[in-house]
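Trainee: Could you walk me through how to read strand pairing and a chain contact in a model like this one?
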Amino acid sequence: MAEIDAAGHTTREINAAIRQCIADSCKEITVRNPGARHNLAVAILDDAQIRLAGSAGYYCGGLIDGASIEIEGSAGWGVAESMLSGTVRVHGSAGSGAAAAIRGGTVVIHGDAAARLGVSMKGGRVIVAGNCGYMAGFMAQKGTLVVCGDVGEAFADSMYATVCYVGGKIANLGTDAVIAPMDPGEAERLDETLSAYLPAPLRDAKPAAADFKKVVAGRKLWNFDKREWRIWQEAL
Amino acid sequence: MCGIVGYLDKIGAEGGNVGSVLLGMLNALACRGPDSAGVALFGARQSGQLVAQVKLGDNGNGTARAGEVKIIAEKFGGREFTQTGAYLRFVFGETDDLKPFITGVEGAGRDVEVVSVGRRLEIVKQVGSPSRLEQTFGISEFHGKHGIGHTRLSTESVVDLSHSQPFWGHGYPDLAIVHNGHITNYHQLRRQYEQRGVRFYTENDSEVVAIFLADKLRQGADVHAAMESMIGELDGSFSCLVATDSAIGFVKDTFSFKPLVFAETDDFVAVATEEIAIRGAIKGDFTVREAQAKEVQVWRR
């Protein structure tokens, strides 16, 4: 167990201290007084466990491969952006672009997510216990996006093969997004995922897995067909 | 970039420390744009009179100009004159029609501008960082319950005092805005307002936000409705804070282009471009959330 006090230090010094701990084989690290500063704990290529005792600014946990990061406050823009593997958990709410372009790993947000959640994700798993804002899942390619609460406008616009589940209301679906029935056993798997990643009181307060709406790509935009010119005009 | 901040003390009396809270928040955001900084502060309500902040000119001939402005202002009951930097502050008699006052005072010179008028509102802004604003005006000593502030990274228009923010809803007492973003139908809106005889003082697209809201309020809309109508009628990106003598609020554009976070507790409301500003200026245990696209919130004092 190592403790790093961020107060009075530059971001570079804090991140260097985190890396030094890992190099010294101390893999449980607590960062005190993070103060919502940007770029904390980015590009950690190790399975270390890092706890921020407060809020994080922009891009916290971005580009990590294997680390487990717990943010005990809220997170700013682009939390966990482009992560490869590992876990990022936000106890509060996340800003815009949370989990954008992730390739793997799991991002859990106990509160709400702002605009552009999980855009262009290429794998991995995103679980939001609260609501999310405008244009979540835009151009998402693979992986799973779960929002237990309500989702904002243009949800799942122009997606490829990401599968989304929504527990609350959908303001409106984006271009080529469709609601699909769940396959046999799918609701059970979703329930297992939610129970595994959300603390019990949070999970219990959310809808039953079978009541989630599944949203996938309608596949109209996957291949160009000039007979579908109208759809393309609308999409572009 | 640009950083915007707002604060409302929900429980304190008029003697609240809004000036020092806003300064603390602005200092934390100064790296987002140090071109210019400003605050719109709402102090104790003047009874039967208005307080004015007047920019004396662009070229440092302040003292001579101050004399000329004083003579004009005295015709409107102006008194308690104090000059700080490029500004002359004074109080004058309450009136329903500010037009003769503004035309009169600004007649003292082409570069004279009435920066703010209100029962509570005082706007001070200048070129440079928030810490320079504090050096010139000592804003941390300003007492009141609410206010908004801005630190600017200029992208579209020149850097000088007039182009700095906050903007007063020119001619409408106690209305101030700060804006982060770009209003892309600015020229179209400006042309429409100019055809109706509205004067624009700058080339800054944010000025039209203040003029738009002043226009809506004059037509009888309440603050919330006026802000909501921005979403349909203004194009481009905007995270905006609006303050009147009795309320403070924010509005965000359709696409949520620009950041804006806020915290509300039983004691205060704090809004800022980044959470670092709120955490830097206010200690304690509270949660912060980013505003959603098209979200409008107004808090009354």
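This is a predicted model: local features need pLDDT of at least 70, side-chain atom pairs count only at pLDDT 80 or more; totals for chains, interfaces and linings use all residues.

Trainee: Which residue in E11(A) is the bridge partner of A:Ala177?

Mentor: That partner is A:Ala217. Strand E11 (residues 213-217) of chain A also pairs with strand E9 (residues 163-166) of chain A, antiparallel again, over 3 bridges. There, A:Val215 in E11(A) stands opposite A:Cys164.

Trainee: Moving to chain B, in what order do the 7 strands of the open sheet run?

Mentor: Read it as E7-E2-E8-E1-E14-E13-E15, with antiparallel pairing. Strand E7 (121-127) and E15 of chain B are at the edges with a single partner strand each, so each has one side without a neighbour in the sheet. Within the sheet, strand E2 (residues 36-42) and strand E8 (residues 146-152) of chain B pair over 7 bridges, and B:Phe42 has B:His146 in E8(B) as its bridge partner.

Trainee: Which strands does helix H1 of chain B lie across?

Mentor: Helix H1 (residues 18-29) lies across E1, E2, E8 and E14 of chain B, running at about 155 degrees to E1(B).

Trainee: And how many residues does each chain bring to the contact?

Mentor: Chain A brings 19 residues and chain B 14 residues. On the chain B side, helix H8 (275-281) and strand E15 (289-290) each supply at least two residues, and H8(B) gives the most, with 4 residues. By class, this side has 5 nonpolar, 4 polar and 5 charged residues.

Note on methods. Residues are numbered from 1 along each chain as its sequence is written. Chains are lettered from A and ligands numbered from 1 in the order in which they are written. Two residues are in contact if their C-beta atoms, placed from the backbone, lie within 7 Å. Ala, Val, Leu, Ile, Met, Phe, Trp, Tyr, Cys and Pro count as nonpolar, Asp, Glu, Lys and Arg as charged, and the others, Gly among them, as polar. Two strands pair if DSSP finds at least two bridges between them. Axes are lines fitted to C-alpha atoms, for helices over the stretch in contact, and angles run from 0 to 180 degrees between N-to-C directions.
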